[in-house]
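The sequence and model follow.

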Amino acid sequence: MGYLLPAEYEAYGLSAETPDELVAMASALIEAHCRRPTLAAAQYVERIRLTAGAQTGRLSFGPLLPGALISARVRYAKGRRGEYADLTSHAELGLEIATAFGLPGSWSSLNVTTIDLYPEGRELTFPANFLGLGYNEAEVTYTAGFVTIPVHIEVACAQVVKNAQATPALNVSMTKLDTMQMEYFAGTLIDAGVQALLKPFVAEKQG
């Protein structure tokens, strides 16, 4: 999608005759820089590692929309070295039972209402399973992004277009722009000013 509508071109200092393809390409470069498929509202399915001993994880994309969590699956897997150094005897027994019944590696659906969500930080806290052991991996389906595109993104899009028009090597008069050509000049088009505008929107991919 393009982050500027044709009716908005002149308001952001672009000519009304600006090729729509150029705006679409600038928008694609912005998405690549922000490491996300779109800045608009969208649904994501993300697998995240939970912090050992804390049952917490963080989603990569924001802002989270109201009622963001759609579904979740969790699994308990055998802990990595050092994760169970401080287990109590009760937890050790639970670990033995879990292993005996083949629970490690299996996925279970989880009611999203049992997950504690901190929207501003995109942080999730998961409940322990019925044996009192924590899960160490989750797959979450959620919605995030902007219903209304922020002005900063629109300004950045217009600036990328202006940078392209000011770059002699780019033939912006073409009806269809060369994607590879635009990507080659991405470092020039996404200049320091554009990077500053986009900094709050760059996704923080979680491992």
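With which side chain does the side chain of Glu46 make a polar contact at 2.3 Å? The partner is the side chain of Ser60.

## Basis of the model

This is a predicted model, in which local features need pLDDT of at least 70 and side-chain atom pairs count only at pLDDT 80 or more, while totals for chains, interfaces and linings use all residues. Residues are numbered from 1 along each chain as its sequence is written, and side-chain values use heavy atoms, with hydrogens and water left out.

## Overall make-up

The chain has six helices and seven strands (DSSP runs: H or I of at least four residues for helices, E of at least two for strands). From the N terminus their order is α-β-β-β-α-β-β-β-β-α-α-α-α.

Of 207 residues, 41% are buried (under 20% relative accessible area, 1.4 Å probe, protein chains only). Of the contacts (heavy atoms within 4.5 Å) between residues at least 6 apart in sequence, 79% join residues at least 24 apart.

## Helix H3

Helix H3 covers residues 151–165. Its buried residues include Ile153, Cys157, Val160 and Val161. Helices H1 (20–33), H5 (186–189) and H6 (192–198) are among the elements covering them.

## Glu46

Glu46 lies in strand S1 (residues 42–49). Glu46 is buried without a salt bridge (a side-chain nitrogen of Lys or Arg within 4 Å of a carboxyl oxygen of Asp or Glu). Arg122, the nearest side chain of opposite charge, is 7.2 Å away (Lys and Arg count as positive, Asp and Glu as negative; His and the chain ends are not counted).

Besides Ser60, the side chain of Tyr142 makes a polar contact with that of Glu46, at 2.6 Å (a pair of N or O atoms within 3.5 Å; within protein, one must be able to donate a hydrogen and the other to accept it, and residues adjacent in sequence count only if both atoms are side-chain atoms).

Technical notes
Buried means under 20% relative accessible area, exposed over 50%, partly exposed in between (1.4 Å probe, protein chains only). The expected span of a helix is 1.5 Å times one less than its number of residues.
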